[in-house]
Amino acid sequence: MQISAKADYAVRALVELAADSGRPLTCESIASSQDIPFRFLKSVFRDLRQAGLVRSQRGCEGGYWIGRDAAAISVAEVMTAVDGEFLTVRGERPGDLRYPGAAASLPDLWRAAEAAAQAVLGGATIAQLAAGAARETPSARPEAVPA
């Protein structure tokens with residue numbers, strides 16, 4: 001599974017907003033503090049605004065605020081907001097896949113991987129990350145994954 005740069009930047013930007021929610025933050029300040037390319041971050045904010053995850057205000061006192069309670073925004077929701085489908089295989093959702101012959105059971109594995117990732121990333125909130133306490137579940141620890 002690959003986490004896109006867009007998803008990574010979106011989560012980092014929201015964590016930055018949640019950590020300093022008393023005032024609006026500019027795209028420039030977030031880009032600088034998180035070492036994110038400014039132009040790329042502007043396009044990420046466009047997607048986040050459309051999804052209602054941030055709100056903005058123009059002007060010299062303007063900037064961005066987190067759009068909802070950070071405890072109610074999961075990492076999985078952010079990823080879906082900027083990337084579309086949560087997990088795809090060659091552009092198709094795992095639930096839509098059908099393989100012939102000996103590989104017929106492979107879509108079941110893809111669906112299980114999607115469910116596991118959704119459980120971990122859907123259970124981690126922006127508020128937890130901003131507080132430095134990403135949710136640690138037994139299935140999220142590397143030693144819990146069978147070899």
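Biologist: Where does threonine 125 lie in this model?

Modeller: The model is predicted. Threonine 125 sits in the loop that links helix 5 (106–123) to helix 6 (126–130).

Biologist: Is threonine 125 buried or exposed?

Modeller: A residue counts as buried when its relative accessible area is under 20%. Threonine 125 has 12%, so this residue is buried.

Biologist: Which residues does threonine 125 touch, leaving out those up to four places away in sequence?

Modeller: Threonine 125 is in contact with Ala70, Ala71, Ile73 and Ser74.

Biologist: In what order do the elements of the protein chain run?

Modeller: There are six helices and two strands. Read from the N terminus, the order is α-α-α-β-β-α-α-α.

Biologist: What about the largest nonpolar core: how many residues does it have?

Modeller: In soluble globular proteins, nonpolar side chains tend to be buried together. Here the largest nonpolar core has 38 residues, and those with the most contacts inside it include Leu14, Phe45 and Ile126. At least two residues each come from helix 1 (5–19), helix 2 (27–34), helix 3 (38–50), strand 2 (63–66), helix 4 (75–83) and helix 5. Helix 1 gives the most, nine residues.

Biologist: Which residues does leucine 14 touch, again leaving out those up to four places away in sequence?

Modeller: Leucine 14 has contacts with Leu48, Leu53, Val54, Ile66, Val78 and Ile126.

Biologist: What share of the protein chain do buried residues make up?

Modeller: Of the 147 residues, 33% are buried. The chain exposes about 8,600 Å², with 52% of that supplied by carbon and sulfur atoms.

Conventions. Residues are numbered from 1 along each chain as its sequence is written. This is a predicted model: local features need pLDDT of at least 70, side-chain atom pairs count only at pLDDT 80 or more; totals for chains, interfaces and linings use all residues. Side-chain values use heavy atoms; hydrogens and water are left out. Helices (H or I, at least four residues) and strands (E, at least two) are DSSP runs, numbered from the N terminus. Buried means under 20% relative accessible area, exposed over 50%, partly exposed in between (1.4 Å probe, protein chains only). Contact means heavy atoms within 4.5 Å. Accessible areas come from the Shrake-Rupley method with a 1.4 Å probe; for residues, only the protein chains shown count as cover. A nonpolar core is a set of buried Ala, Val, Leu, Ile, Met, Phe, Trp, Tyr and Cys residues joined through side-chain atoms within 4.5 Å.
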